[in-house]
Amino acid sequence: MSPSALTSSPSFQPVLERIAAEIEATPGRGRPADYIPALASVDPRRFGMAVAELDGTVYGVGDWQRPFSTQSITKVFTLALGLSLEGDELWEHVGREPSGNPFNSLVQLEYEHGIPRNPFINAGALVVTDRLQSLTGDAAGALRDFLRAESGNAKLTFDDEVAASEAEHGDRNAALAHFMASYGNISNPVPELLDQYVRQCSVEASCADLARAAGFLARHGIRADGSTLLTRSQAKQVNAVMLTCGTYDAAGNFAYRVGLPGKSGVGGGIVVVVPGRCTLCVWSPGLDERGNSVAGVAALDRFTTLTGLSVF
């Protein structure tokens, strides 16, 4: 079947099924995130993929309805919520540039006076969560309620085991938060912030849930109920930062292979946006050395190759 035939298909199902068959035949899927004990035992060969159209119609293959640990994917949604409430003032506390360093690095913070490079490294996500906590009084709860509303899944919630596991291994995040607090870039007590942050990262959701929930970015800021979350310019900003910073320190390679704004998490999920057309989520827990899903990146590469859907 030609790429043009797949693109003009009345649904995305044929291309998803073709990709799933190719991924199933691919050896070598990477390794789960073994530094978070609650994630270490997940089968790295699991695979799910979903596409949500602008009206919420979802197509999927494999484990597309199986909940998984979203981890850093939630940083997209907290950023959007923060921007919706605070506007451009948020950017006074966090930058918009790729870091070029691992997601939990302390190196640049001292040189840059406690202002993290972008909202998707851990330091930047801590700042965004801190701002959202000040604005809402319950950042993790605001995130959960938003994801429930946009996904249509009222049961979507936190995984307490994962949150506890991350809290027990959160010394680096605590160091980042205390360091930024010393520069006046954290407003809430660090223990309270860290509790909100690990709860945020412990959200469990499926590919279908996340593809639907990210739809506002494909609809240029418009929520599932037709109300406005972000201006068209703000939605563009979030997509731009996803493209340049959303896959840890492998964003250049991801843009080269996939050509879409995306945000990955060490639970093995990746959410991507085709502005004006659809959103996707893929999940496979085997990671490469940069923390991105091996099969997930390969599947998204095939999707944009087969359909021609890319921002380039």
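Start by selecting Leu230: leaving aside residues up to four places away in sequence, Leu230 touches Ala80, Leu83, Ser84, Phe216, Leu217, His220, Gly221, Ala235 and Val238, where a contact means heavy atoms within 4.5 Å. This is a predicted model, in which local features need pLDDT of at least 70 and side-chain atom pairs pLDDT 80 or more, while totals for chains, interfaces and linings use all residues. Residues are numbered from 1 along each chain as its sequence is written, and side-chain values use heavy atoms, without hydrogens or water.

Phe77 and Leu230 touch the most other members of the largest nonpolar core, which has 62 residues. Such a core is a set of buried Ala, Val, Leu, Ile, Met, Phe, Trp, Tyr and Cys residues joined through side-chain atoms within 4.5 Å; buried means under 20% relative accessible area, with a 1.4 Å probe and protein chains only.

For a second, separate core of 27 residues, select Val51, Leu260, Val274 and Leu309, which are among its members.

Next, select residues 74–86, helix α4. Of its 13 residues, 11 are buried, including Phe77, Ala80 and Leu83. Just after α4, Gly87 has a positive phi of about 70 degrees.

Move to helix α13, residues 232–245. Its buried residues include Ala235, Val238 and Met242, and they pack against α4, α12 (215–218), α14 (251–257), β6 (262–264) and β7 (269–274).

Finally, colour by pLDDT, the predictor's confidence in each residue from 0 to 100. The protein averages 93, and 96% of the residues score at least 70. Over residues 1–9 the pLDDT is below 50. Where pLDDT is low, the predicted coordinates should not be read in detail.

Note on methods
Buried means under 20% relative accessible area, exposed over 50%, partly exposed in between (1.4 Å probe, protein chains only). Helices (H or I, at least four residues) and strands (E, at least two) are DSSP runs, numbered from the N terminus. The expected span of a helix is 1.5 Å times one less than its number of residues.
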